[in-house]
Amino acid sequence: MAVIYDGTPEKRVYKNIFGETMEAIAAADDQVVYLDADLMNSIGTLGFWKRNPRQAINCGIAEANMMGIAAGLSAGGKKPYAHTFGIFASRRCFDQVFISAAYAGNSVRIFGSDPGVTAGFNGGTHMPFEDMALMRAVPGSTVIEVSDAAMLADIMWQVKDREGLTYVRVTRKNYPALYSGNHEFTIGRGQVVREGKDAAVIACGLMVGEAMAAAETLKGEGIDLRVVDMFTVKPIDRELAVRTASETGVVLTAENHNIIGGLGDSVADVLLSEGVRTKFRKLGVQDQFGSVGPQPYLQEFYGLTAAKIAEAIKSML
Amino acid sequence: MNIRETEIFAAKIRLETVRQIGVRGFGHLGGALSVADALAVLYGGVMRIDPAKPDWPRRDKLVMSKGHAGPAVYSALALKGYFPMDWLNTLNQPGTRLPSHCDKRLTPGIDMTTGSLGQGVSTAIGLAMAQRMDAEGARTYLMVGDGECNEGQVWEGAMFAHHQGLDNLTMFVDNNRKQLDGGVDEIINMGDIAAKFASFGWNTLSIDGGDIPAIVRAVEAAHAAKGVPTCIVLNTVKGAKVTVVEEIELNHHIQVEGELLKAAMSQCEAALAALEGGA
């Protein structure tokens with residue numbers, strides 16, 4: 001169990017990890033059913049579907065129907081996992097997720113891929129900057145953004161028997177490796193990826209690696225930055241949020257998501273409610289729509305970079 | 001139940017549905033009455049259920065996708081002994097276990113939460129698929145409204161269920177010809193609903209939805225069809241068999257009190273007495 005970050009990207013793309021983990025979970029538990037809406041080839045599950053059509057179901061390009069089927073499978077005693085792009089998993093079928101799954105008391109695990117700017121060349125129509133906001137608003141939901149490959153596999157196993165609606169936001173590509181393969185994660189508990197005393201970044205997903213890179217830059221300038229991976233955006237780790245703010249007095253949240261309704265709002269809510277005195281700022285998409293281009297360009301365009309994190313931290317000190 | 005007993009059961013469902021909505025004073029009476037006969041057939045003997053064990057995993061299931069017909073289902077469930085009859089007096093009252101639209105978390109015997117139209121089609125498919133995986137011969141029955149077929153999700157489900165060859169799924173379309181704002185044909189003319197489902201590859205029957213022997217035969221035909229889901233179009237009347245309700249033009253959600261309640265109750269009581277007298 002260790003943090004192994006050194007800035008190098010994960011060797012394997014997450015879609016391959018997703019595909020093999022999903023198949024292994026289904027092999028281990030015959031009550032598991034994996035559903036997709038014609039994006040199996042995009043998330044590494046096409047072979048699984050061909051090999052095991054009993055437990056891997058292609059619902060075609062009909063996300064609303066897929067979410068309802070997932071809900072019905074849960075009501076019938078099965079353990080459904082459903083994947084599609086994050087935009088379709090959230091915006092396109094929000095009422096099905098809300099009513100058929102969550103309100104009806106069913107347990108459905110939804111994986112929304114291509115978070116924020118990682119949607120890249122698919123462009124603005126495919127770029128979820130609001131999926132976490134929507135899913136956070138569902139009563140009793142769990143909202144997770146995966147930041148690392150080891151975390152992805154571990155979380156996929158952990159949610160198998162989890163009650164209620166779970167939404168997991170995951171890239172199909174890769175981020176810098178953060179954790180060793182045997183690292184343990186607890187849903188609802190954040191990870192301190194880097195200790196530091198002068199200021200803190202509380203981040204999730206893509207922005208954890210960016211924050212780690214920023215910490216390296218700031219170290220050269222004598223600033224000791226703490227980095228927290230708040231991969232469970234809901235239920236948020238209140239204790240860790242409070243401790244981080246109390247001990248550093250400078251908190252920047254960083255998310256590949258609209259600053260409205262995501263990680264930043266969640267942390268701000270905790271800190272205000274708990275009466276913690278701290279400097280606080282949210283780095284993220286500033287109430288904008290997505291757009292098209294290479295991911296590095298989009299990160300620059302929306303200010304989702306290590307340089308912007310370092311700049312923000314310095315301005316807060 | 002034999003045919004006469006099922007007809008009596010249907011008459012009791014109507015009586016209790018009018019009575020419970022009358023206690024509250026308003027409700028979705030028209031579309032609850034139009035499914036009473038089909039519910040009587042299903043709960044009267046078709047469905048493999050145990051009212052003492054509403055969560056029995058191997059039971060047959062019903063998804064009332066037109067969730068506003070909840071009161072008719074509650075009547076059937078109460079008459080079958082799922083919960084005390086006096087619960088029916090609590091419809092839509094604070095703290096009730098019988099909300100306007102079906103809620104599986106609240107009501108014993110309700111197999112799926114519904115109310116957002118079209119969604120019950122997909123959840124019923126999920127239930128039927130789970131039953132098929134369990135390979136214990138259980139079936140899922142689904143009821144949708146004709147107006148509900150405006151929802152695209154109905155047709156997403158129709159394609160999928162056919163592709164999956166889901167022969168343990170039987171859908172009833174309550175073709176009562178009216179929706180909230182008026183006649184189905186005025187709002188979105190659905191054309192020939194049975195032909196539409198047939199073109200989606202479903203085994204399709206179109207029957208008089210008030211004719212209990214016809215419903216029984218249609219369900220038998222559904223059970224006999226292998227490798228395809230079945231759609232039974234129930235040609236009904238909104239407010240069926242309670243003429244004072246049938247005669248109201250916009251009878252989706254109506255005030256049910258005073259003279260109307262009295263007249264509706266006496267029609268239901270008379271219908272029941274005639275059946276029981278002839279038994």
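Contact, for today, means heavy atoms within 4.5 Å.

Okay, housekeeping. What we have is a predicted model, where local features need pLDDT of at least 70, side-chain atom pairs count only at pLDDT 80 or more, and totals for chains, interfaces and linings use all residues. Residues are numbered from 1 along each chain as its sequence is written, chains are lettered from A and ligands numbered from 1 in the order in which they are written, and side-chain values use heavy atoms, with hydrogens and water left out.

Let's start in chain B. Leaving aside neighbours within four places in sequence, which residues is B:L169 in contact with? The list is B:A124, B:I125, B:A128, B:T140, B:L142, B:A161, B:W202, B:P229 and B:T230.

B:L169 also turns up in the largest nonpolar core, which has 72 residues. By nonpolar core I mean a set of buried Ala, Val, Leu, Ile, Met, Phe, Trp, Tyr and Cys residues joined through side-chain atoms within 4.5 Å. Buried is under 20% relative accessible area, exposed is over 50%, and partly exposed is in between (1.4 Å probe, protein chains only). The residues with the most contacts inside this core are A:L35, B:I125, B:L169, B:M171, B:V173 and B:F197. Helix 5 of chain B, residues 119–134, gives the largest share, eight residues. There is also a second, separate core of 64 residues, and A:M156, A:V201, A:V285 and A:A306 are among its members.

A word on "helix" and "strand": helices (H or I, at least four residues) and strands (E, at least two) are DSSP runs, numbered from the N terminus. Two strands pair if DSSP finds at least two bridges between them.

Still in chain B, five strands make an open sheet in the order 2-3-4-8-7, with parallel pairing. Strand 2 (61–64) and strand 7 (203–208) of chain B each have a single partner strand, so one side of each has no neighbour in the sheet. From one strand to the next, the twist averages 20 degrees. Angles here run from 0 to 180 degrees between N-to-C directions, and axes are lines fitted to C-alpha atoms, for helices over the stretch in contact. Within that sheet, strand 4 (residues 169–175) and strand 8 (residues 230–235) of chain B pair in the parallel sense over six bridges. B:M171, which we met in the core, has B:C231 in strand 8 of chain B as its bridge partner.

Over to chain A. Its open sheet of five strands has the order 7-9-8-11-12, and here the pairing is mixed. Strand 7 and strand 12 (279–285) of chain A are the edge strands, each pairing on one side only. The twist averages 25 degrees from one strand to the next. Helix 10 of chain A (residues 238–248) packs on this sheet, touching strands 7, 8, 9 and 11 of chain A, and its direction makes about 175 degrees with that of strand 9 of chain A.

How many residues of strand 9 of chain A are buried? Five of its five. A:L225, A:V227 and A:D229 point one way and A:R226 and A:V228 the other. Strand 9 of chain A pairs with strand 7 of chain A in the antiparallel sense over three bridges, where A:Q191 stands opposite A:D229. With strand 8 of chain A, strand 9 of chain A pairs in the parallel sense over five bridges, and A:A200 stands opposite A:R226. A:A200 also stands opposite A:V251 in strand 11 of chain A.

Now two helices of chain A. Helix 4 of chain A has 12 of its 13 residues buried. A:G77, with a positive phi near 95 degrees, follows helix 4 of chain A.

Helix 8 of chain A (residues 149–158) has buried residues A:A149, A:A150, A:M151, A:L152, A:I155 and A:M156. These pack against elements of chain A including helix 1 and strand 9. A:D148 caps the N-terminal end of helix 8 of chain A, with a side-chain oxygen 2.8 Å from the backbone nitrogen of A:A150.

Last stop: is A:T171 buried or exposed? A:T171 counts as buried because its relative accessibility is 1%.

Note on methods: A polar contact is a pair of N or O atoms within 3.5 Å; within protein, one must be able to donate a hydrogen and the other to accept it, and residues adjacent in sequence count only if both atoms are side-chain atoms.
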